[in-house]
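The following dialogue treats the reading of local features in a protein model.

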Amino acid sequence: MTSICILGSTGSVGVQSLEVARSLGLKVSGLSAYSEVELLAEQARQFGPAMVGIGDVRAEARARALFSRMSTPPELFFGPEGVSQVAAAAEHDLVVNAIVGFAGVWPTLAAIDAGHDVALANKETLVAAGSVIMDRARQEGVAIRPIDSEHSAIYQCIQGQGREAVARIILTASGGPFIDRYDFADISVAEAISHPNWNMGPKISVDSATMINKALEVVEARWLFDVDSEMIDIVVHRESVIHSMVEYCDGSIIAQLGTADMRTPIQYALTCPERVEGLAAKLDLSSIGKLTFEKPDLSRFPGAGLGHEALRHKGVVPAVMSAANEEAVRLFLHGAVRFVDIVDLVMEAMESSPRIEEPSLDDIVEADVWAREFVRGRCRSCTR
């Protein structure tokens with residue numbers, strides 16, 4: 001029986017990964033969360049992992065009290081290092097990384113170094129440290145299987161095809177909740193996290209609302225599929241039926257279609273290249289009626305273009321973009337900045353970013369810290 005470890009199991013993708021694991025009859029050998037220890041303990045009761053990681057060391061006493069009540073409690077690990085220990089344990093066949101943010105880099109590397117394939121939902125890992133991650137994966141002979149719906153679609157479209165025949169990758173974008181809105185001045189958190197098509201966590205939902213999610217996905221695609229940024233395009237596809245496409249040198253375009261349900265790309269990451277009956281509803285094209293496509297409006301959504309800009313600068317600029325956005329979104333969710341400030345803060349950080357041609361992992365970490373401090377410096381009212 002395949003054993004999987006799910007990092008970030010209390011978040012949206014983590015919860016859905018557990019649903020898929022249950023439906024497939026997979027063994028869950030490890031779990032982790034940051035601080036939602038009550039839900040994590042309930043998940044551990046249901047799935048019986050041998051080990052559990054809690055990223056927030058401040059939750060240790062609460063976690064130990066909760067898990068001690070279990071008849072067969074798992075081994076507990078604490079702090080970022082503890083989560084990486086869980087990721088690296090020998091019991092796993094596959095590690096699902098559903099952690100949000102730069103914190104996902106370390107357990108990804110730990111899993112790779114342990115020889116585990118990684119099903120990756122944590123896009124910031126590849127945006128910030130794509131060259132490091134993919135080089136390490138190649139060295140260790142492990143696979144990085146994308147869970148993001150767009151990259152899963154591309155991954156599926158290139159199966160059985162020669163990479164040299166790929167002419168263009170086309171990332172589709174729903175456009176988010178404000179695709180037809182022109183006044184962004186008074187957008188609330190509740191509005192920004194209400195995605196019209198997808199059920200996602202707050203950070204990813206805000207990224208979709210600003211369309212910075214497409215910038216992150218451009219960088220992610222560059223590393224996952226080893227293509228130049230000029231080969232990656234974005235098209236707005238409001239219906240979220242086509243999850244992305246690949247154009248080949250002969251002009252043929254292969255697309256992956258499906259309902260807007262994250263359990264489909266999660267399942268493919270767990271079973272590929274095999275396919276089995278899934279949990280998502282089947283797609284009824286006749287009820288949809290039509291599929292539409294349009295260019296992104298970069299005058300209203302400049303965030304969508306920042307991925308190509310970051311890749312042009314290379315070095316640590318993609319890491320700065322990712323970290324600045326992560327910090328700006330955090331501040332927005334806490335009411336410290338306005339929605340319209342998010343992209344401006346990211347652009348300012350990128351313009352002021354250090355320029356390092358071939359960064360080491362230490363350089364990337366320093367750039368991440370610098371970018372967060374830069375954004376906080378523009379928001380004196382926020383709490384650290």
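Predicted model: local features only at pLDDT ≥ 70, side-chain atom pairs only at ≥ 80, totals over all residues.

**Reading the backbone, contacts and charges**

P273 lies in the loop between α11 (263–271) and α12, where helices (H or I, at least four residues) and strands (E, at least two) are DSSP runs, numbered from the N terminus.

Q: Which residue does a cis peptide bond join to P273?
A: Most peptide bonds are trans, and most residues other than glycine have a negative phi. Here a cis peptide bond joins C272 and P273, with omega about 5°.

Q: Where is M211, which has a positive phi although it is not a glycine?
A: M211 is in the loop between α9 (202–210) and α10, and its phi is about 70°. M211 is buried at a relative accessible area of 1%; buried means under 20% relative accessible area, exposed over 50%, and partly exposed in between (1.4 Å probe, protein chains only). D226, in the loop between α10 and β9, also has a positive phi, near 55°. D226 is exposed, with a relative accessible area of 59%.

Q: How is the packing of α10 and α13 described, and at what angle?
A: Axes are lines fitted to C-alpha atoms, for helices over the stretch in contact, and angles run from 0 to 180 degrees between N-to-C directions. Angles under 35 degrees count as roughly parallel, over 145 as roughly antiparallel, 65 to 115 as roughly perpendicular and the rest as oblique. Helix α10 (residues 212–224) and α13 pack at about 45°, with axes 6 Å apart, and the two are therefore oblique to each other. In contact terms (heavy atoms within 4.5 Å), A215, V218, V219 and R222 in α10 meet L306, G307, H308 and L311 in α13.

Q: Which residues does S3 touch, not counting residues up to four places away in sequence?
A: With that exclusion, S3 touches K27, S29, E91, H92, D93 and L94. S3 belongs to strand β1 (residues 3–7) and is buried, at 6% relative accessible area.

Q: How many salt bridges does the structure hold?
A: A salt bridge is a side-chain nitrogen of Lys or Arg within 4 Å of a carboxyl oxygen of Asp or Glu. The structure holds 30 of them. One joins the side chains of R136 and D113 at 2.9 Å, N to O. This pair links distant parts of the chain, with R136 in helix α6 (residues 123–140) and D113 in helix α5 (residues 105–113), 23 residues apart. R136 is partly exposed at 23% relative accessibility, and D113 is partly exposed at 41%.

Q: Where do R372 and D368 lie, and how many residues apart are they?
A: R372 and D368 are 4 residues apart in helix α16 (residues 361–377), so about one helical turn separates them. Salt bridges that share partners join E326, E327, R330, D368, R372 and R376 into one network. The R372–D368 salt bridge spans 2.7 Å, N to O. Both residues count as buried: R372 at 15% relative accessibility and D368 at 6%.

Key:
Residues numbered from 1 in each chain as written. Heavy atoms only, no water.
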